[in-house]
Amino acid sequence: MESKMKWNMSEKWSSKMPNGLSLEVSHHPLTMRSVVNLIIAMERLKGSQAESVLSTEFRDEHLLNIMLEDIVEEQIVLELETTPPVQFSRTGEHQCSVADGQKRSLILVQESMELHAVMLQGGSEYRKVHLNMSTYVHPSPSTEARPVVLGIKGTNLFLSCHQDDDQPNLHLEEVEDKDSLAKITSGSEMERFLFYKRDTGLNISTLMSARFPEWYISTAVQDNQPVELCLPAAARYQTFSIQQS
């Protein structure tokens, strides 16, 4: 029965082969993939390669090339170049005083561990917070913005940005080891301390979170309210007078 099946298959395909070519079917375990590849190759033999097959110069390598066009699969491996993370290196530190667009000073509210913007009266200047502003160098420095870290003078408290309830918020965070801020890698947890200081006028700047782009340090219209992060469209004061002290 098996021999008869082989003869019938050979007879069926031999009638479709060009003159001078014959097909021999041998008994080997075949996968469906092998059968499909064989059928594709035979269809090509009957089609676009017919003239070459009928040529008297048609050789074994011609047949091999025809079959390889459909049987051999080309596998392309793309090597994706990974961009190394950007590292910010601290270059210096200086003390500065900060006032918002209403000329209000920043004070530290110990109970809530917040900074508030307050219009100080005579005799209460001692409440004003001074900041230690650390400056950093960017591998691709920009003339428009400079990376900085902001700490409260005389404390281990630093301004940082965290995601709370699906919204970035400004925090005061204690840092015992200040050397851990000497180098900050983009995308790392330490990036929460980094801000971009962009000058918009003489000693007038905005402070944008590096971890949450487009979120700026801002103060409320009302007096004695917390300093928070906001988007540019928010009705809050987003520019500060920053002067070295």
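Biologist: Why does Phe212 count as buried?

Modeller: This is a predicted model, and the value is computed from it. Phe212 has a relative accessibility of 14%. Buried means under 20%, so Phe212 counts as buried.

Biologist: Where is Phe212 found, and what does it touch?

Modeller: Phe212 sits in the loop between E10 and E11. Leaving out residues up to four places away in sequence, it touches Cys161, His162, Gln163 and Pro168. Those are contacts because heavy atoms come within 4.5 Å.

Biologist: How far apart are the C-alpha atoms of Phe212 and Arg192?

Modeller: They are separated by 8.5 Å. Along the chain, Phe212 and Arg192 are 20 residues apart.

Biologist: Turn to Thr219. What makes it buried?

Modeller: Its relative accessibility is 0%. The cut-off is under 20%, so Thr219 is buried. Thr219 lies in the loop between strand E11 (216-218) and strand E12 (225-226).

Biologist: How do you know that the side chain of Thr219 makes a polar contact with the side chain of Asp100?

Modeller: Look at the distance, which is 2.9 Å. A polar contact needs N or O atoms within 3.5 Å, one able to donate a hydrogen and the other to accept it. The pair is therefore listed as a polar contact.

Biologist: Which residues are in contact with Thr219, neighbours within four places in sequence aside?

Modeller: Asp100, Arg104, Ala117, Val227, Arg236, Tyr237 and Phe240.

Biologist: Asn224 is in that loop between E11 and E12 too. Why is Asn224 called partly exposed?

Modeller: Its relative accessibility is 41%. Buried is under 20% and exposed is over 50%. The value falls in between, so Asn224 is partly exposed. Its phi is near 60 degrees, a positive value in a residue other than glycine.

Biologist: What makes Asp165 exposed?

Modeller: Its relative accessible area is 78%. Exposed means over 50%, so Asp165 qualifies. Asp165 is in the loop between E6 and E7. It has a positive phi of about 55 degrees, although it is not a glycine.

Biologist: Is Leu131 buried or exposed, and how do you know?

Modeller: Leu131 has 4% relative accessibility. With the cut-off at under 20%, Leu131 is therefore buried. Leu131 lies in strand E4.

Biologist: What is in contact with Leu131, neighbours within four places in sequence aside?

Modeller: His94, Gln95, Cys96, Val98, Leu150, Gly151, Ile152 and Lys153. Take Gln95: it is 36 residues from Leu131 in sequence, yet the two C-alpha atoms are 5.6 Å apart.

Biologist: What makes a set of residues a nonpolar core?

Modeller: The members are buried nonpolar residues joined through side-chain atoms within 4.5 Å. In soluble globular proteins, nonpolar side chains tend to be buried together. Here the largest core has 25 residues. Leu115, Leu150, Leu159, Leu170, Phe195 and Ile217 touch the most other members. Elements giving two or more residues to this core include strand E1 (87-100), strand E3 (114-118) and E14. A second, separate core has ten residues, among them Tyr136, Val149, Val175 and Phe193.

Biologist: Which residues are in contact with Leu170, neighbours within four places in sequence aside?

Modeller: They include Leu159, Phe195, Ile217, Val227 and Leu229. Ser160 and Glu228 are on the list as well.

Biologist: Why is a space called a cavity, and how many cavities of 30 Å³ or more are there?

Modeller: A cavity is space where a 1.4 Å probe fits but cannot get out. The count is two cavities of 30 Å³ or more. The largest cavity holds about 50 Å³.

Biologist: What kind of residues line the largest cavity?

Modeller: Ten nonpolar, no polar and no charged residues. Among them are Val98, Leu106, Leu131, Leu207 and Phe240. Val, Leu and Phe count as nonpolar by definition.

Biologist: What makes the second largest pocket a pocket, and how much space lies in it?

Modeller: A pocket is an open set of points, whereas a cavity lets no probe out. About 280 Å³ of space lies in the second largest pocket. Its lining has 17 residues, with His94, Met133, Lys197, Asp199 and Ser205 nearest the centre. Strand E9 (194-201) and strand E10 (204-209) are among the elements giving two or more residues to that lining. By class, the lining has five nonpolar, eight polar and four charged residues.

Methods: Residues numbered from 1 in each chain as written. Predicted model: local features only at pLDDT ≥ 70, side-chain atom pairs only at ≥ 80, totals over all residues. Heavy atoms only, no water. 1 Å grid on protein atoms, 1.4 Å probe; cavity = no way out; pocket = protein on both sides within 12 Å on 5 of 7 lines; lining within 4 Å. Points joined across faces, edges and corners; volume = space filled by probe spheres on them. Helix = DSSP H or I, 4+ residues; strand = E, 2+ residues; numbered from the N terminus. Buried < 20%, exposed > 50% of the residue type's maximum accessible area, 1.4 Å probe, protein only.
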